Amino acid sequence: TIMTRPKVLFLCTGNSARSQMAEAFLRVYAGDQYQAYSAGIEPKGHILPDVLTVMKERGLDLSNQRSKGVEEYLGKMHFAYVITVCGDAEKNCPTVFLNMGQHEHWPFNDPAKFEGSDDERLQRVRDVRDQIDQRVRQWIEEQDKEFEVS
């Protein structure tokens, strides 16, 4: 029998940067193990151009992804894991999600707030991208280990 892949929801404020990157990395690294989703508490309606740029550098095209609100999933889906990727989402996350499955909080800086020249900004967005990349891989390893133990 095929086990249903557990659903993982990454939440941030705007669903325009961090949660989108996390969703994309989880899909690439463990798409056969998990179903990755992302949403925002107050969706921006678009993905940050800087995020599209730095993800493309890693061969990931997010241009077809859209920025979504949590309402899309409320009451329709059960998530095995809910991971907030910014403090704001952590504070404003609908309780229904926090009571669902396992909840983790991974704080990352908000690429939407970065200032400076294009190069400076992109470099900072790359840093966040790489931190998210690493954290997602680490999380997959942690899940695998737990799975072996149980």
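The questions and answers below go through a predicted model of one protein chain.

Visitor: How are residues numbered, and which pLDDT limits apply to this predicted model?
Guide: Residues are numbered from 1 along each chain as its sequence is written, and side-chain values use heavy atoms, with hydrogens and water left out. The model is predicted, and totals for chains, interfaces and linings use all residues, but side-chain atom pairs count only at pLDDT 80 or more and local features need pLDDT of at least 70.

Visitor: In what order do the elements of the protein chain run from the N terminus?
Guide: Helices (H or I, at least four residues) and strands (E, at least two) are DSSP runs, numbered from the N terminus. The protein chain has five helices and four strands. Their order is β-α-β-α-β-α-α-β-α.

Visitor: What radius of gyration does the protein chain have, and what would a compact globule have?
Guide: The radius is taken over C-alpha atoms, and the globule rule is 2.2 Å times the number of residues to the power 0.38. The C-alpha atoms fill a box of roughly 50 × 30 × 25 Å along the principal axes. With 150 residues, a compact globule would have a radius near 15 Å, and the chain agrees with this because its own value is 15 Å.

Visitor: What percentage of the residues in the protein chain is buried?
Guide: Buried means under 20% relative accessible area, exposed means over 50%, and partly exposed lies in between (1.4 Å probe, protein chains only). The chain has 150 residues, and the buried part of them is 47%.

Visitor: Among contacts with a separation of 6 or more, what percentage joins residues 24 or more positions apart?
Guide: A contact means heavy atoms within 4.5 Å. Of the contacts in the protein chain with a separation of 6 or more, the share from residues 24 or more positions apart is 72%.

Visitor: How far apart are the mean positions of the positive and negative charges?
Guide: Lys and Arg count as positive, Asp and Glu as negative, while His and the chain ends are not counted. Each charge is placed at NZ of Lys, CZ of Arg, CG of Asp or CD of Glu. For the 19 positive and 24 negative charges, the mean positions are separated by 3 Å.

Visitor: Why is the pair of Tyr34 and Tyr81 edge-to-face?
Guide: Rings of Phe, Tyr and Trp (its six-membered ring) pair if their centres lie within 6.5 Å; planes under 30 degrees apart count as stacked, over 60 as edge-to-face and the rest as tilted. The count by this rule is eight aromatic pairs. The centres of the Tyr34 and Tyr81 rings are 6.1 Å apart and the planes stand at 80°, so the pair is edge-to-face.

Visitor: Where do Tyr34 and Tyr81 lie, and how many residues apart are they?
Guide: Tyr34 and Tyr81 are both buried. The pair links distant parts of the chain: Tyr34 is in the loop between α1 (18-30) and β2 (35-40), and Tyr81 is in strand β3 (residues 81-84), the two being apart by 47 residues.

Visitor: Which residues do ring pairs link into a cluster?
Guide: Tyr73 and Phe79 form an edge-to-face pair, with 5.6 Å from centre to centre and 80° between the planes. Both Tyr73 and Phe79 are buried. The cluster linked by ring pairs consists of Tyr34, Tyr81 and Trp139.

Visitor: What phi does Asn15 have?
Guide: Most residues other than glycine have a negative phi. Asn15 lies in the loop between β1 (7-12) and α1, and counts as buried because its relative accessibility is 0%. Although Asn15 is not a glycine, its phi is positive, at about 50°.

Visitor: Which residues does Asp50 contact, leaving aside neighbours within four places in sequence?
Guide: Asp50 is in helix α2 (residues 49-56). Asp50 is buried, with a relative accessible area of 11%. Leaving aside neighbours within four places in sequence, the residues in contact with Asp50 are Arg121, Leu122 and Val125.

Visitor: How far apart are the C-alpha atoms of Ser67 and Gln20?
Guide: Ser67 lies in the loop between α2 and β3 and is buried, with a relative accessible area of 10%. Not counting residues up to four places away in sequence, Ser67 touches several residues, including Asn15 and Gln20. Ser67 and Gln20 are 47 residues apart along the chain, and their C-alpha atoms are separated by 8.1 Å.

Visitor: Is Glu42 buried or exposed?
Guide: Glu42 is in the loop between β2 and α2. Glu42 touches Thr13 and Gly14, not counting residues up to four places away in sequence. With a relative accessible area of 53%, Glu42 is exposed.
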